[in-house]
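Please read this report with the sequence and the structure side by side.

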Amino acid sequence: MCGRFVSTTTPADLVDLLGELSWDPAETLAPSWNVAPTNPVPAVLERVDRETGEVVRQLRPLRWGLVPSWSKDPSAGARMINARSETVHEKPAFRKAFAARRCVIPADGYFEWRPVEASGDRKAFKQPYYLSTGSVMLMAGLYEFWRDRSVPDDDPAAWLTTTTVITTDATDSAGRIHDRMPLAISLEDLAGWLDPGNSDPADLRRLLHTPAEGDLAVRAVSTAVNSVRSNGPELLDAVPDPLGLTA
């Protein structure tokens, strides 16, 4: 799974990487070294402009944790931060979004945890690891719109836009830490993945790849990241690995 990640890429950085991109400066998110479920996250998506009819590539903040359009309330979103690549095209919560509302979520890297047994005076604890490719990961995602029927139509809070990260079986170095990992969309496949006119499940599934073929750099980091209140670049500093998984 992917339950925490790092997001420090600026809109200008994404323009250099992806080309033309529109965004509202008032919606630009601050860098975060500890993005957690229900936090706003930056997402790149394509929508048809209602006035011009042209497809526009946008950078928008979305809430992490997908809320299906048919949900009675948004509480289910906290449990839908990930979607399995093997079933994302057929699960009721995700299949409509997979066909029409796809995005990528830029990330520097992500965190996973492994349990460490008690030893001597040391209590059992969960050791966090930071995994990254060394460049921006364009994590495959879906997004959805949810309408709050208790709010008037003209209220900006009437609509909630949420997202989920697609995951797959972990391989190589990532597999030592956790059996799942985020899928990444390559730059060569980005246009096809974001294209709102592309709804062929078989074609879309061919665009899903593991980042760096699963060969991610891994390092043990401080347990400070365990708290969602912790944030800052120091969370990525390496610490001694009690399990020897980074050797």
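The confidence score pLDDT is the predictor's confidence in each residue, from 0 to 100. Helices (H or I, at least four residues) and strands (E, at least two) are DSSP runs, numbered from the N terminus. This is a predicted model, in which local features need pLDDT of at least 70 and side-chain atom pairs count only at pLDDT 80 or more, while totals for chains, interfaces and linings use all residues. Residues are numbered from 1 along each chain as its sequence is written, and side-chain values use heavy atoms, with hydrogens and water left out.

The protein chain has a mean pLDDT of 91, and 96% of its residues reach 70 or more. Within the chain, confidence is highest in strand 2, at 98, and lowest in helix 3 (residues 172-177), at a mean of 76.

**Aromatic rings**

A pair of aromatic rings is described by the distance of the centres and the angle of the planes. Rings of Phe, Tyr and Trp (its six-membered ring) pair if their centres lie within 6.5 Å; planes under 30 degrees apart count as stacked, over 60 as edge-to-face and the rest as tilted. Searching the whole structure gives five aromatic pairs. In one of them, the ring centres of Phe111 and Trp113 are 6.4 Å apart with the planes at 45°, so this pair is tilted. Phe111 also forms a tilted pair with Tyr130, at 5.4 Å centre to centre and 50° between the planes. Because Phe111 lies in strand 7 (residues 109-116) and Tyr130 in strand 8 (residues 125-132), their pair ties together parts that are 19 residues apart in sequence. Through ring pairs, Phe111, Trp113 and Tyr130 are linked into a cluster.

Are Phe111 and Tyr130 buried or exposed? Buried means under 20% relative accessible area, exposed over 50%, and partly exposed in between (1.4 Å probe, protein chains only). Phe111 is buried, with a relative accessible area of 0%, and Tyr130 is buried at 5%.

A further ring, that of Trp193, has a charge over it. The rule is that NZ of Lys or CZ of Arg is within 6 Å of the ring centre and within 35 degrees of the ring normal. The charged end of Arg102 meets this rule over the ring of Trp193, 5.6 Å from its centre. Trp193 belongs to helix 4 and is buried, with a relative accessible area of 0%. From C-alpha to C-alpha, Trp193 and Leu208 are 8.7 Å apart in space, and they are 15 residues apart in sequence.

**Salt bridges**

Side chains of opposite charge can pair when their charged atoms come close. A salt bridge is a side-chain nitrogen of Lys or Arg within 4 Å of a carboxyl oxygen of Asp or Glu. By this rule the structure has six salt bridges, including those in the table.

| Glu86 | Arg84 | 4.0 Å |

Glu86 is partly exposed at 30% relative accessible area. Glu86 lies in the loop between strand 5 (82-84) and helix 2 (95-100) and Arg180 in strand 11, so their pair ties together parts that are 94 residues apart in sequence.

Glu144 is buried at 5%, and Arg101 is buried at 18%. Salt bridges with shared partners join Arg84, Glu86, Asp169 and Arg180 into one network.

**Surface and loops**

Patches are made of residues with over 30% relative accessible area and no salt bridge: like charges are joined within 9 Å, nonpolar side chains (Val, Leu, Ile, Met, Phe, Trp, Tyr) within 5 Å. Accessible areas come from the Shrake-Rupley method with a 1.4 Å probe; for residues, only the protein chains shown count as cover. Leu17, Val136 and Leu187 make a nonpolar surface patch of about 220 Å². Leu187 is placed in the loop between strand 11 (180-182) and helix 4 (190-194), and is partly exposed at 47%.

Thr38 sits in the loop between strand 2 (32-35) and strand 3 (40-48). Its phi is near 75°, a positive value in a residue other than glycine. Thr38 is partly exposed, with a relative accessible area of 39%.
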